[in-house]
Amino acid sequence: MSPSAPTAAGSTVRGNRLALLVVGLCWLLVFFDGLDMFVYGSVLPHMLETKALGISPGKAGDVGSYATFGMLIGALCSGTLSDRVGRKQTIITSTAVFSLASALCATASSLGVFSIGRFVVGLGLGGLLPSAITLVAEYAPRGRRALIVGSLMTAHQAGGILAGFVALWTDSDWRLCFWICVIPLFIGVPLAARYLPESLAFLQAKGRTAEAAALADRYGVELAAPGVKRAAGEGRGALAALFRGKLWIQTLFFWLASFGGLLLVYGFSQWLPSMMRAAGYDLGSAIGFVIAINAGGIVGMLVGGRLTDRFGGSRISAIWFACTAVGIGVLSVHMPLALTYVVVFLTGLFLFSGQAMVYATVAHRSTDENRGTAVGWVSGMGRFGAVFGPWLGGRLVDNGSHTAGFTAFALAGVFALVFVSLTGLRSLQPAVADTGGAGAPVSVAS
């Protein structure tokens, strides 16, 4: 055996450990993200019954839209920001923002103050997710990018499960629930500041080779050969690069698919407890459905990520959105409680991972220079759906039209299905492969 073999093997092991460190820390932060996002939907039925802060179904939909509008702004800003100042700094700042804003929600004396708090929460939540996805995608081992992104997104659903349990444990004491959402400020932020490394691909793409070399040496990993630099005439920005040649068509289709997907994720998941309550289920079961749908989401992320790495993101996302539409349609029919839990679980399995695989596919097709921008903008433009979904659900529930709500959200699944299918056309896929892991070349499989 050559003397270099053990060194290479050791470097690979340490590189895998570094990837696990990145995924583990980002998983923790996204877990808190999911808790903060879903806790509002979990306590909402109780807030409506007690008319806390004078809230009504229509006003509740507006508040939900304020949060997702904040996420829209946060996602659009974070994508460009993370490509300029780095993934780590954007992740830490975003986590601090939504944690502090949760304290404002917990102490709110009026619905107006509570709404401002949820808007600021949205800014932080919207900034965290695209940056975390970008970072873990860049550290993902060759051929495992979608699986790693799917694994990260299980944290979002795990946070949603905890949100349901928190509502049950606190007897839906909404102020206490939002105080619990301040915890990441004291746990997640310090851990990320101390241990989360910056992206090697980002440092190399920015010409910060000395920092990249120091980071690689610290963790015992090998740097990939530098990629091809963009010519000076091409320096109009990472956003403009998404519209060069035929890429503008692919970009537009991904944005539209993300619109439909996030309309489902934030509209349907937020209003599920209230719609099921209006459909005749008791309050405990309605909150239990939040736990079931997020548990299904965890399974779906892992299964969807593995299948995406093998068969391509556009194809798997299309199938997942189709199954989501069917599941939501079935839930409009009142069924025995046990069967309803099964359908909710299966719907969650497809609902959340369908959108997550859109993110994974965009990250896979992007270059090191504009990956943060590409993921941030597909997330940000999709947030228009996230804004519209909670508002739509609020209006339908306020009018006593919970059945129409199931129909509307099922149609959103069909909408996302159509456009994500179009991104799979070979004529729209980029000819240049992106990079995986720490810049190692991978083939375009999605």
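Modeller: In this predicted model, two residues are in contact when heavy atoms lie within 4.5 Å.

Colleague: Which residues of helix 2 and helix 11 meet by that rule?

Modeller: On the helix 2 side they are Pro57, Ala60, Gly61, Gly64, Thr68 and Met71. Their partners in helix 11 are Tyr266, Gln270 and Trp271.

Colleague: What makes the residues of this contact nonpolar, polar or charged?

Modeller: The contact of helix 2 with helix 11 holds 5 nonpolar residues, 4 polar and no charged. Ala, Met, Trp, Tyr and Pro count as nonpolar, and Gly counts as polar.

Colleague: How are the axes of helix 2 and helix 11 placed?

Modeller: The two axes come within 11 Å and cross at roughly 145°. Helix 11 covers residues 247-278. The crossing of helix 2 with helix 11 is right-handed.

Colleague: Why is Lys51 called exposed?

Modeller: Exposed requires a relative accessible area over 50%. Lys51 has 58%, so the word applies. Lys51 sits in the loop between helix 1 (4-50) and helix 2 (57-85).

Colleague: Why is Leu53 called partly exposed?

Modeller: Buried is under 20% and exposed over 50%. Leu53 has 23%, so it falls in between. Leu53 also belongs to the loop between helix 1 and helix 2.

Colleague: What is phi at Lys51 and at Leu53?

Modeller: Most residues other than glycine have a negative phi. Lys51, not a glycine, has a positive phi of about 55°. Leu53, likewise a residue other than glycine, has a positive phi near 60°.

Definitions and conventions. Residues numbered from 1 in each chain as written. Predicted model: local features only at pLDDT ≥ 70, side-chain atom pairs only at ≥ 80, totals over all residues. Heavy atoms only, no water. Helix = DSSP H or I, 4+ residues; strand = E, 2+ residues; numbered from the N terminus. Buried < 20%, exposed > 50% of the residue type's maximum accessible area, 1.4 Å probe, protein only. Axes fitted to C-alpha atoms, helices over the stretch in contact; angles between N-to-C directions. Left-handed = near helix turned anticlockwise from the far one by under 90°.
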